[in-house]
Amino acid sequence: MHIEPPKLQVVLITGMSGSGKSVALHALEDAGFFCVDNLPPELLLPFVTLERQHNASRVAIAMDARNASALPLLPAQLTLLKDQGIKVKSLFLDATTDTLVRRYSETRRKHPLSQTVSDPSDSNLRRALVDAIEAERELLVTLRDQAHVIDTSIIRPSQLQGYVKSLITAAGEQLTLVFESFAFKRGVPTDADYVFDVRMLPNPHYEPALRHLTGKDEAVAAFLRSQTDVMQMQEQIHGFLNHWLEALARDHRSYVTVAIGCTGGQHRSVYLVEQLVSLFASRWVTLTRHRELESR
């Protein structure tokens with residue numbers, strides 16, 4: 001009896017230097033992937049061919065600006081792999097420039113596009129580091145546009161590992177919806193495809209009995225369900241997404257991230273994320289993130 005070899009799944013991890021690619025790669029290694037760090041883009045196709053010959057099923061590869069001159073090869077190579085029937089998922093790790101500067105300053109590592117080691121006490125060296133980071137952004141913009149973006153600016157390594165594992169284990173080739181709650185006071189997630197501001201809605205924070213609870217708690221949910229504006233907002237977000245998701249799926253999008261923000265990321269945004277997940281879960285693969293709750 002002929003047994004078909006397993007269909008190879010390739011996960012490509014790219015992103016900004018200092019954004020956590022090593023953490024993501026370790027998460028995939030823990031999940032059973034064969035992982036390779038800093039593979040030159042010129043070797044991607046030969047490497048995948050070799051792994052197919054060995055009947056490999058899951059491979060993860062990290063690439064970054066250390067191979068800057070060859071990075072433009074990647075989009076065409078990824079298209080070729082998909083045409084060969086290989087399941088390809090691309091993840092791009094990003095962070096704000098201030099976050100990346102702080103990380104480099106703390107570790108005193110050298111940025112791959114910089115000629116100097118960062119020193120937060122030297123304004124000229126800091127400027128050189130910022131210039132290197134912005135040059136890297138421009139270099140990677142095409143890869144970012146073709147990948148699912150994860151903003152690592154204010155999440156812990158353990159959170160990042162969980163995000164990566166959940167994204168990779170999401171079922172099949174179907175579009176995956178990622179619903180994320182966040183607090184505007186800590187910044188808008190840079191990985192969001194759509195951002196909805198719900199700060200104008202009635203706030204349970206001002207109800208003493210509800211202040212210490214979250215949007216996952218029934219008492220908060222009951223309060224928000226009783227508010228006409230909250231129900232109208234939920235209906236309108238649901239209608240917008242419901243109208244456009246089929247078009248996004250036809251456009252071969254693998255992931256769509258919908259971020260809903262309120263002031264503290266504890267009540268209104270959390271409640272609406274939970275409600276929207278329940279509304280879409282029967283038709284689409286859905287993932288839930290509560291940025292502020294998970295960072296406690």
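How many positive and how many negative side chains does the protein have, and how far apart do the centres of the two sets lie? There are 32 positive and 34 negative side chains, and the two centres lie 3 Å apart. The model on screen is predicted.

**Whole chain**

The C-alpha trace spans about 65 × 60 × 30 Å along its principal axes. For 296 residues, a compact globule would have a radius of gyration near 19 Å, and the 21 Å of the protein agrees with that.

Switch to a surface view. The accessible surface comes to about 14,300 Å², and carbon and sulfur atoms hold 51% of that area. Of the 296 residues, 49% are buried. Among contacts with a separation of 6 or more, 78% are between residues 24 or more positions apart.

Select residues 44-53, which form helix H2, and show the side chain of Glu51 within it. Does Glu51 have a salt bridge or none? Glu51 has none, although it is buried; the nearest side chain of opposite charge is that of Arg52, 11 Å away. Now display Phe34, Ala56 and Val59: these are the contacts of Glu51 once neighbours within four places in sequence are left aside.

Move along to Asn55, in the loop between H2 and strand E3 (58-62). Asn55 is not a glycine, yet its phi is positive, near 60°. Its relative accessible area of 46% makes Asn55 partly exposed.

**Helix H4**

Next select residues 97-107, helix H4. Colour the buried positions: Thr97, Thr99, Leu100, Val101, Arg103, Tyr104 and Ser105. Just after H4, stop at Arg108, where phi is positive at about 60°.

**Salt bridges**

The whole structure holds 13 salt bridges. For a linked group, select Asp94, Glu134, Arg137 and Arg144, which are joined in a network of salt bridges.

Then centre the view on Arg289, which is buried at a relative accessible area of 3%. Which residues form salt bridges with Arg289? One is Glu180, with the closest N and O atoms 4.0 Å apart. Glu180 lies in strand E6 (residues 176-183) and Arg289 in strand E9 (residues 285-290), so this pair ties together parts that are 109 residues apart in sequence. Glu180 is buried too, with a relative accessible area of 3%.

Another is Asp191, where the closest N and O atoms are 3.3 Å from each other. This pair also links distant parts of the chain: Asp191 sits in the loop between E6 and strand E7 (194-197), 98 residues from Arg289 in strand E9. At a relative accessible area of 5%, Asp191 is buried.

Stay in the loop between E6 and E7 and select Asp193, whose partner Arg253 is in the loop between helix H8 (228-250) and strand E8 (255-262).

**His252**

Select His252, also in the loop between H8 and E8. Its phi is positive, about 65°, although the residue is not a glycine. His252 is exposed, with a relative accessible area of 70%.

**Arg268**

End with helix H9 (residues 268-280), where Arg268 lies. How much relative accessible area does Arg268 have? The value is 3%, which makes Arg268 buried.

Show its surroundings. Leaving out residues up to four places away in sequence, Arg268 touches Val198, Arg199, Met200, Leu201, Pro202, Asn203 and Pro204, and also Leu224, Cys262 and Thr263. To finish, draw a distance between the C-alpha atoms of Arg268 and Arg199: the separation is 8.0 Å, for two residues 69 apart along the chain.

Key:
Residues are numbered from 1 along each chain as its sequence is written. This is a predicted model: local features need pLDDT of at least 70, side-chain atom pairs count only at pLDDT 80 or more; totals for chains, interfaces and linings use all residues. Side-chain values use heavy atoms; hydrogens and water are left out. Helices (H or I, at least four residues) and strands (E, at least two) are DSSP runs, numbered from the N terminus. Buried means under 20% relative accessible area, exposed over 50%, partly exposed in between (1.4 Å probe, protein chains only). Lys and Arg count as positive and Asp and Glu as negative; His and the chain ends are not counted. Contact means heavy atoms within 4.5 Å. The radius of gyration is taken over C-alpha atoms; the globule rule is 2.2 Å times the number of residues to the power 0.38. Accessible areas come from the Shrake-Rupley method with a 1.4 Å probe; for residues, only the protein chains shown count as cover. The place of a charge is taken as NZ of Lys, CZ of Arg, CG of Asp or CD of Glu.
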